[in-house]
Amino acid sequence: MLLNSEAYLKVRNAAYDYIRKAQYSAVVGTNYALIKRNLKIGELIISKSEWGNRFIDNLAQDIKSEFPGTTGFSVRNLKYMKKFAIAFTEDDIDEYGLAMVTWYHHMALMDKVKDKNQYVWYVQRTIENGWSRDVLCMQIDSGLYARQLGVKVQNFNNRLPDNQSELAIQTMKDPYIFDFVSMREKMIETDIEHELVRNVSKLLLELGTGFAFVGEQYLLKVGENEFYIDLLFYNYILHCFVAVDLKTGQFVPEYAGKMNFYLAVLDDKIKSGIDNPSIGLILCKDKNKVVAEYALKDMTKPIGISEYKLMNVLPEDLADKLPSIEDIESRVLKEYECE
């Protein structure tokens, strides 16, 4: 095939048109225009897939010559456009909110997520949480989809109103990954608590949307007695307090009774009239699912039981993937300047 043939020139000029139209789009719709443009160019490339990789090479070179001040049309990025167009249609952009995250996010998703349902799920969580591309990558690498959608040990269905129960189950994860805390020999619960509080921004990120830190070793006074909740949070989406009890060993049934007591006191002495019932979360290094389910069976308060993992028990391929949450805009700009 001659690269200056009439057929090729027609496809190349169509690509030029999509680029020009996107450049004139309103500022508010810039990302929508960019995603749609990339989809359309991807569809063009698919339509001439029989022309081979040389076609993409030549198209990238011609676009660079025609639009010398425009980035994002390297051979690599054109291949991403093709991959995106294979997975999605123009209708999908609106249906799944694909234009509400940047192309930079989509590039990461195309590299890391093969299943379309998971891809869309991560897009929607990114929109809800305002994740940067680095945080998105961290969540994918930590297996968030499986941790948040898997079977969980909890009694929320029977102890909370339907709307709060569903939200609480969606919020819960198993296991939680505190990969910013290094496991040390003879580490006790309070050591882990201090590390979690010291890295509270990362802790809140792992807990999920809506969590605000209230206190560590939160005091509850009952008569002349004093009791302490390891970590106390308030979730402004669930509109309730969330008490966290942290254990370094295996779950035992007594933990559920203790948490049930904490929640009763919270609801009686701390919760206001506009708050929903408080929720308990017991985090253990190890849990026996059957034992945990029996322990919750007759509890009167809503409790969930999950495992947690610290840095030294992470898979090796995750240990070096701790992104800097602060480093966002500069890296996005750098990525596009390289294209």
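This is a predicted model: local features need pLDDT of at least 70, side-chain atom pairs count only at pLDDT 80 or more; totals for chains, interfaces and linings use all residues.
Two residues separate the strands in the hairpin of β3 and β4, where G223 adopts a positive phi near 65°. Strand β4 is also joined to strand β5 (residues 240-246), again in antiparallel orientation, through five bridges. Here the bridge partner of L231 is V244 in β5. The hairpin of β4 and β5 has four residues between the strands, and H239 takes a positive phi near 55°.

Helix α15, formed by residues 289-297, contains the buried residues A292, A295 and L296. Viewed down the axis of α15, the buried residues fall within an arc of 95° and therefore line one face of the helix. This arrangement may be set beside the geometry of helices in general: an α-helix has 3.6 residues a turn, so residues three or four places apart point the same way. On the other side of α15, Y294 and K297 are exposed. The packing partners of the buried residues of α15 are β1 (153-154), α10 (156-159), α14 (254-270) and β7 (303-310).

Four cavities of 30 Å³ or more were found in a search of the whole structure. Two or more of the lining residues are contributed by each of α11 (162-171) and β6 (279-284). Ten residues of the lining of the second largest cavity are nonpolar and one is polar, while no charged residue is present.

The largest pocket has a volume of about 460 Å³. Its lining consists of 22 residues, and R125, E128, N129, Q148 and T209 lie nearest the centre of the pocket. The elements that each supply two or more residues to this lining are α7 (116-129), α9 (144-149), α11 and α13 (200-207). Of these, α7 provides the largest share, with four residues. By class, the lining of the largest pocket includes ten nonpolar, nine polar and three charged residues.

Technical notes. Residues are numbered from 1 along each chain as its sequence is written. Side-chain values use heavy atoms; hydrogens and water are left out. On a 1 Å grid over the protein atoms alone, a cavity is a set of points where a 1.4 Å probe fits but cannot get out, and a pocket is an open set with protein on both sides within 12 Å along at least five of seven lines; lining residues have an atom within 4 Å of a point. Grid points are joined across faces, edges and corners, and a volume is the space filled by probe spheres set on the points. Ala, Val, Leu, Ile, Met, Phe, Trp, Tyr, Cys and Pro count as nonpolar, Asp, Glu, Lys and Arg as charged, and the others, Gly among them, as polar. Two strands pair if DSSP finds at least two bridges between them. Buried means under 20% relative accessible area, exposed over 50%, partly exposed in between (1.4 Å probe, protein chains only). The arc is that of the directions from the helix axis to the C-beta atoms. Contact means heavy atoms within 4.5 Å.
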